[in-house]
Amino acid sequence: RAPKGTMRLRNDETAWGWPARLLHWAMAALILFMLGLGVYMTEVVTDLYAQFDLYQTHKSWGFVVFALAVLRVVWRMASPTVPADPAGTPAWGRAAARGAHAALYALMFAMPLSGWLTASASELQDLYGIRNMVFGLFELPDPFVPGSEALEATFSAVHAWCGAALAALLTLHAGAALRHHFVLRDGVLKRMGFGR
């Protein structure tokens, strides 16, 4: 256990280690950014050239989200101990929390994967020779050459529905964290903060 006043590396029964905390907040910020960017570039921006640049940015950061999700799972496996539920937590509360976390993990993978598959299945992407580049540094594989309008529509729908589900779950997750902090005052939010 780390000395009092310092953040520990590994998770224990009382709090998350600093890698878990860092990954949690980095992914939270990135996912909120990506959800906002997704809505902005599809619903607000009408200029095709500006929209194209935003799509490329969205693809690149989507890869980062996927990479961080992989890293988060690897770290969770390397440091499997998790803080205990607060005393008095009902069984339904524990089950709901675990179910919500499992769904969040699934969506953290489903969102970038469905976005990549949507772009890869685009017929226009193949027609104009557009590559799925990550910050201009390297190209993601394209499993659909030539593209398929039907596949693109399917993956796009999955991406949209996953986005809506992720936004809803994040709202519930944040609401539950605030309830623990301000109503129950059980220290659950502090375990993921950077104060101890």
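Select F155. This residue is buried, with a relative accessible area of 17%; buried means under 20% relative accessible area, exposed over 50% and partly exposed in between, with a 1.4 Å probe and protein chains only. The model is predicted: local features need pLDDT of at least 70, side-chain atom pairs count only at pLDDT 80 or more, and totals for chains, interfaces and linings use all residues. Residues are numbered from 1 along each chain as its sequence is written, and side-chain values use heavy atoms, with hydrogens and water left out.

**The whole chain**

Zoom out. Five helices and two strands make up the secondary structure. Both are DSSP runs numbered from the N terminus: helices are H or I with at least four residues, strands are E with at least two. Along the sequence the pattern reads α-α-α-α-β-β-α. The C-alpha atoms fill a box of roughly 60 × 30 × 25 Å along the principal axes. The chain has 196 residues, and 34% of them count as buried. Contact here means heavy atoms within 4.5 Å. Of the contacts with a separation of 6 or more, 69% are between residues 24 or more positions apart.

**Helix α3**

Select residues 91–120. This is α3, with 30 residues. From first C-alpha to last it reaches 43 Å, close to the 44 Å expected at 1.5 Å a residue. The expected span is 1.5 Å times one less than the number of residues.

Now colour the buried positions of α3. Among them are G93, L104, Y105, L107, M108, M111 and P112. Towards which helices do the buried residues of α3 pack? They pack against α1 (18–44), α2 (48–78), α4 (123–127) and α5 (149–184).

**Where α2 meets α3**

Show α2 and α3 together. Their axes come within 9 Å and cross at roughly 145 degrees. The axes are lines fitted to C-alpha atoms, for helices over the stretch in contact, and angles run from 0 to 180 degrees between N-to-C directions. On the α2 side, the contact includes K59, G62, V65, F66 and A69. On the α3 side, Y105, M108, F109, P112, L113 and A119 take part.

Pick V65 in helix α2. V65 is buried, with a relative accessible area of 7%. Draw a distance to P112: the two C-alpha atoms are 7.1 Å apart, across 47 residues of chain. Leaving aside neighbours within four places in sequence, V65 contacts M27, L30, I31, M34, M108 and P112.

**The core**

Select M27, I31, V65, M108 and L166. These have the most contacts inside the largest nonpolar core, which has 21 residues. A nonpolar core is a set of buried Ala, Val, Leu, Ile, Met, Phe, Trp, Tyr and Cys residues joined through side-chain atoms within 4.5 Å. Helices α1, α2, α3 and α5 each supply at least two residues of this core. Which helix gives the largest share? That is α1, with seven residues. Centre on I31: beyond residues up to four places away in sequence, I31 touches V65, M108, L166 and L170.

**Aromatic rings**

Show Phe, Tyr and Trp side chains. There are five aromatic pairs. Rings of Phe, Tyr and Trp (its six-membered ring) pair if their centres lie within 6.5 Å; planes under 30 degrees apart count as stacked, over 60 as edge-to-face and the rest as tilted.

Go to F63 and F138. This pair is edge-to-face, 5.2 Å centre to centre with 75 degrees between the planes. F63 lies in helix α2 and F138 in strand β2 (residues 138–139), so the pair ties together parts that are 75 residues apart in sequence. F63 counts as partly exposed at 27% relative accessibility, and F138 as partly exposed at 35%.

F144 sits in the loop between β2 and α5, F155 in helix α5, 11 residues apart.

Next, select F33, W61 and F135, which form one aromatic cluster.

**Backbone stops**

Most residues other than glycine have a negative phi, and most peptide bonds are trans.

Stay on F135. Its phi is near 55 degrees, a positive value in a non-glycine residue. F135 is in the loop between β1 (133–134) and β2, and counts as partly exposed at 40% relative accessibility.

Jump to R185, in the segment after α5. R185 has a positive phi of about 50 degrees although it is not a glycine. At 66% relative accessibility, R185 counts as exposed.

Finish at V145 and P146. A cis peptide bond joins them, with omega about 0 degrees. P146 is in the loop between β2 and α5.
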